[in-house]
Amino acid sequence: MNETNVPSHIGFIMDGNGRWAKKRAMPRNFGHKQGAAVFKKTINWCRELGIRAATFYAFSTENWKRPEDEVKGIMNLLRQYIKDIREMARENVRFVFIGELTAFDEDIRTELLDIMEDSKQYTDFIAGVALNYGGRAEIAKAARELAAKCVLGEMRPEDITEDLIEKRLYTSEFPPLDLVIRPSGEQRLSNFLIWQAAYAEFVFMDVLWPDFKKKDLEYAIQEYAGRSRRFGGI
Ligand code: IPE
Ligand code: IPE
Ligand code: MG
């Protein structure tokens with residue numbers, strides 16, 4: 001594979017867990033559990049393939065609409081999974097949890113903040129995990145912060161630039177988002193990294209997330225390598 005055509009940052013919309021479970025006549029949370037296992041494997045595959053960063057959409061600001069038992073199941077899975085994430089972080093992976101973490105129970109929030117702080121030193125790979133994340137909420141947050149500075153007289157509205165907004169997004173320390181992969185057959189962003197994806201390439205795949213394999217990732221990267229990105233130029 002041509003080195004220069006390897007995406008530096010991939011976004012994964014981990015979708016299709018529910019349908020995967022349904023096909024097996026199992027509860028939806030069984031699908032989430034399988035999905036979490038694939039998340040862990042995908043981090044390793046990305047590293048093997050020379051990717052520097054990946055962000056995984058795990059729970060959106062809109063996912064609270066789901067039935068209470070499903071949301072509870074996902075929170076419990078997250079609790080169990082924190083241990084694994086800690087272990088992965090020890091392998092030189094920096095974890096950044098993006099989204100409004102105050103919505104989570106205290107024990108989960110403390111662990112997440114802890115892992116983020118402890119893994120700041122690692123530079124091999126950045127793993128973003130989007131939890132209670134919404135792209136619109138992220139942009140609104142940046143706008144609020146800049147507006148507050150204006151009110152304090154620290155800056156003027158006309159000083160607000162794209163760059164200043166970008167610096168206040170959760171991904172400010174990530175390389176540019178080059179590729180978004182969405183399995184499950186849906187072809188939409190569902191509020192995932194909407195600012196960052198302005199010039200990203202998209203690969204939509206029919207595979208359900210719990211069935212996602214290294215060969216699917218390789219296919220998406222190959223597909224990306226063949227795209228002609230013009231960024232508005234010719
Ligand atoms: C994605 O899988 C995981 C979360 C949103 C938490 P879904 O649960 O959306 O699976 P489908 O789309 O219903 O199959
Ligand atoms: C997007 O999937 C959110 C995550 C994968 C975490 P959804 O299943 O929530 O998206 P929609 O509802 O199909 O757009
Ligand atoms: Mg879905």
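These legends go with several close-up views of one predicted model. Local features need pLDDT of at least 70 and side-chain atom pairs count only at pLDDT 80 or more, while totals for chains, interfaces and linings use all residues. Residues are numbered from 1 along each chain as its sequence is written, chains are lettered from A and ligands numbered from 1 in the order in which they are written, and side-chain values use heavy atoms, with hydrogens and water left out.

**View 1. Thr-42 and the residues it touches.** Start with helix H2, residues 28-48, where Thr-42 sits. (Helices are DSSP runs of H or I with at least four residues, strands are runs of E with at least two, and both are numbered from the N terminus.) Thr-42 counts as buried because its relative accessibility is 0%. Buried means under 20% relative accessible area, exposed means over 50%, and partly exposed is in between, with a 1.4 Å probe and protein chains only. Leaving out residues up to four places away in sequence, Thr-42 touches Phe-12, Phe-56, Trp-209 and Phe-212; a contact here is heavy atoms within 4.5 Å.

**View 2. Lys-141 and Glu-145 on helix H5.** Here's a salt bridge between Lys-141 and Glu-145, with the closest N and O atoms 3.2 Å apart. (That term means a side-chain nitrogen of Lys or Arg within 4 Å of a carboxyl oxygen of Asp or Glu.) The two are four residues apart in helix H5, residues 135-151, so about one helical turn separates them. Lys-141 is partly exposed, at 21% relative accessible area, and Glu-145 is partly exposed too, at 28%.

**View 3. Glu-145 again, now with Arg-168.** The side chains of Glu-145 and Arg-168 meet in a salt bridge, 3.0 Å from N to O. Glu-145 lies in helix H5 and Arg-168 in the loop between helix H6 (162-167) and strand E5 (179-182), so the pair ties together parts that are 23 residues apart in sequence. Arg-168 has a relative accessible area of 26%, which means partly exposed.

**View 4. Glu-223 paired with Arg-227.** This salt bridge has its closest N and O atoms 3.0 Å apart. Glu-223 is partly exposed, with 30% relative accessible area, and so is Arg-227, with 28% relative accessibility.

**View 5. A network of salt bridges.** Asp-15, Arg-19, Arg-182, Glu-186 and Arg-188 are linked together here. Across the model, the count comes to 29 salt bridges.
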